[in-house]
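Hi everyone, thanks for coming. I'd like to walk you through one structure today, so please have a look at it while I talk.

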Amino acid sequence: MITRRRRSFTGLLSLALLVPLSVLGAANAATGDDDPSSPDARSPELSTDTRLGDRRSLVVGDRFYEMGTEDGRYPASGFHTRGEMGGFWSQPIKLLDGLWFNLDGDWLSADSYTSGWGYQRMDMGTHDGVRVTRTDVAPDDLRAGLVGLRLDSDTARTVQLSVDAHSELMKVYPWGETQPSQTTYNLPDSGAFEGGNLVFRETGRPPGENTEEHDYAAVVGSSLTPSSHELGPDHRGPQDPAVVCPASGPNAPPQPEQPCDDTAYGKGTGGRLTYSVDVPAGGRTVWFAVAGSDNGVGEASAAHGAALADPMSVLRRTVAARRDVGSRTVVDLPGDRRLQQSVEWSKQNLAESVQEARGLQVRTTNAGTRYPPPKGTVPKARWIGAGWPDYPWLFATDGEYSGFAAVAAGQFPAIEDHLRALRDVSLVANGDSGKVVHEVTPDGQVYFGANDDPGNTDETAKFPSAVALVWRWTGDDRFRDEMYSFAVSNMRYIYRELDSDGDGWPEGLGNVERNGMGEEKLDNTVYTIRGLRDLADLAASKGDQATRSWADSRAQSLENRFEDAWWFGPTADQYADSLDDPGDQKVFQRHWIGVTPVEAEIPRNGTRTGPLASTAHARALVAKREESCYSGEFGLFHTGDAGCDSATSSVPAEKTVFTLNTSIMAVAEAAIGRMAPSQLQRYTTANARVQLDPSVWELPGAMPEISPSPDFGANIERKFTERSMALQAWGTYGILWPVVHYQLGVAPDVGRQRLTVVPQVPDGQSRVAGSNIRLGSGSVGVEASRSATTLTTTVDRSTAWRLTIGATLPSGTRAQAVTLDGRRVPHQTVTTPRGTQVRVDAGERTGTSTLVVTYR
């Protein structure tokens, strides 16, 4: 008999900001050391108890991740190899379709789901007096995951516990519709019972040219000794018999209305382990591990043993590492607690997105149309995965946007490793051309961005900017020096290969490609100008005057001509999306890239002076994008609609809201000081809601790829094989960067031992603060307050950087008196796109400096 305890979790958000961690789980204080819900094994959490079977679950470590649904099932999910992107993975291979548990004849199903930092927990109900709680853990540095079943009982008893596992050993590439396809590339799995565990293997060489012998393995078991086992083709627990999704493709039959359990690509097998478990009064935890390897069963078995050697220590280490992530960039936003909480969870989203693979065989497949021999091998790569379940691999675009969030969160190694991985794969794939690859799967396959395919111009242009960003925040000269020659080659490539008409506007593909666009795209132009200026700054720091002069002169020429060449005029109050050759005819289509001239901050002479767009055009553009033709409840549409301007467009509206588009808009609002509730806060709230609002989220605490939108709907209403990503790193850009860089005003130049802090307290708020904001090997704390007559900025430095401290005056006011640490001091009044700022040189020292500006 199953008893379901109906508890309302829908209103429960995070305890991180309200209750000390020591209080979490206080009700369980009397439990044993093996209880995964004990306070020292928990973090702040988000929970839900509605529509669990319709919501995807996810727990991610850097070498292992698992996706199912929040009731404990594993439907066929994802679209790259349709239906095969969920389950258990260790890059670059999938291990299992799923793992299911049975207690005394009842298949376990959750009635509540909780997201934690590095773990997930499911309340599986009470079965004949035994309450079952499942905790799944994805540790770092281990090709294995853990599942702990907590069995709580008031009296001692013995129960029969079984676990079903169904394998699907499959390399991340090829996909369902590539050449070759997983239809032929994927080989049958075998199953065995060895050493008390289920052992699955896929060995052999797939048919076709340039394939290789492989030995994939997965090991499933517990530290207990099973009383019996079974092997067979099924073993999917309550999902037997499996509903099979057909293969995808232009001639594929329609997908069934009900969720699928397996696919036509699947060639896995299954097994069951059964245990007789003595449960003492007070309860116990039974731990299971899933481990895998693309290097044979020995490596998989070693990872399995390491995970089970001390599961509670693994859980505690995982949570402690995520708490450490949470301890950096701690913000206090009394006027916007939702945004404060989104900062906390966005830091975790970034941290859990880090992935690692080894022995990447780099081959260029020309968008999946060929399978050539490898060009070379990258021994090891770490990167910020783009999104789950279909894009957990290496992208240039995603990383270059997520990099802003990563430095603001103090996650320097993650973005440095990401850029190294892009460089390493690009050098193997493209030689010394300077072109940056677009998309790389964890086995090393370059889907797009090789020399002999178009690639994306913006990704090559953004690479020097990403390097400069990291150097300014870290002061890591070794990293700068390591990346410098590649960054130079990036910009040289653009002007060698992508400016055939010699007008300076780069040609090629960009973030948006639609019918009717010209060869020269707006976003490519914006990021090329920024890339040239950032390269010039790097060159200056290196003493490379020739490169500095070349890059600065090209950037200056483009900036001088930008407004005339790209502004579409009073009919739209927008920039053209592209220029069409011959004659650089302006093409206006209302895509989100129209905001990039305001979003991108252009450095000049080492100082970030603001957006590329003129202030007048920036304000007109952003105000127009706030209108209903361009923005909806959850942010900025991909492509706006007619009705808010008198211009004509050759493409229809696309009212789909990507969290990246909304991030771009949020950053643009902040970049020109538009911080009112209807401005910046509207867009930060939009992204925060899809992450934190129980009425909106799919996966509690996770920033998704696409928000609920008129043209897309909501993920939770779509088939599992037709959803966008449940977790997508790029949306964190629009949370962390506006808060840290613009509200708190942190603008480091640590490589030159300089720091500027000029906060802007949002309209309608009185205070913003942040502590332990990581800069180089030190940190800074910032507190800014605003009253009717006074602005106060306090900066606490751990390192003696040369500090410029300041405050942003409310519109229409003037400074009356300025003091630093209680003394009147000389000051500068500077007009910026964010507004009028008061700035003071606070010198080089550690400790606290306080600026007070009286204004009226």
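I'll go through a pocket, then some helix packing, then some strands.

Before anything else, keep in mind that this is a predicted model.

Rolling a probe the size of a water molecule over the atoms shows where empty space is left. Here, the largest pocket comes out at a volume of about 780 Å³. It's lined by 31 residues, and the ones closest to its centre are Tyr 391, Asn 511, Phe 658, Glu 705 and Trp 730. So which elements give two or more residues to that lining? They are helix 5, at 396–408, strand 27, at 445–448, and helix 13, at 659–671.

Two packed helices are described by the angle between their axes and the distance between the axes. Helix 13 packs with helix 15, residues 733–743, at an angle of about 15 degrees, and their axes are 8 Å apart. Angles under 35 degrees count as roughly parallel, so that's what we call helix 13 and helix 15. Their crossing is right-handed.

Now try another pair: helix 7, residues 457–474, and helix 9, residues 522–542. Their axes come within 8 Å and cross at roughly 40 degrees. That makes helix 7 oblique to helix 9. And the hand of this crossing? Helix 7 passes helix 9 in a left-handed crossing.

On to the strands. Strands of a sheet pair through backbone hydrogen bonds, either parallel or antiparallel. If you want to find one of the partners, look at Glu 520, whose bridge partner in strand 29 is Leu 579.

Last stop, further along the chain. Strand 41, residues 778–786, and strand 42, residues 790–797, run antiparallel and are joined by 7 bridges. These two strands form a hairpin, with 3 residues between them. Arg 786 has Leu 791 in strand 42 as its bridge partner. Strand 42 also pairs with strand 48, residues 847–855, in the antiparallel sense over 8 bridges. There, Thr 790 has Thr 854 in strand 48 as its bridge partner.

That's my tour, thanks!

Technical notes
Residues are numbered from 1 along each chain as its sequence is written. This is a predicted model: local features need pLDDT of at least 70, side-chain atom pairs count only at pLDDT 80 or more; totals for chains, interfaces and linings use all residues. Side-chain values use heavy atoms; hydrogens and water are left out. On a 1 Å grid over the protein atoms alone, a cavity is a set of points where a 1.4 Å probe fits but cannot get out, and a pocket is an open set with protein on both sides within 12 Å along at least five of seven lines; lining residues have an atom within 4 Å of a point. Grid points are joined across faces, edges and corners, and a volume is the space filled by probe spheres set on the points. Helices (H or I, at least four residues) and strands (E, at least two) are DSSP runs, numbered from the N terminus. Two strands pair if DSSP finds at least two bridges between them. Axes are lines fitted to C-alpha atoms, for helices over the stretch in contact, and angles run from 0 to 180 degrees between N-to-C directions. Angles under 35 degrees count as roughly parallel, over 145 as roughly antiparallel, 65 to 115 as roughly perpendicular and the rest as oblique. A crossing is left-handed if the near helix is turned anticlockwise from the far one by less than a right angle, and right-handed if clockwise.
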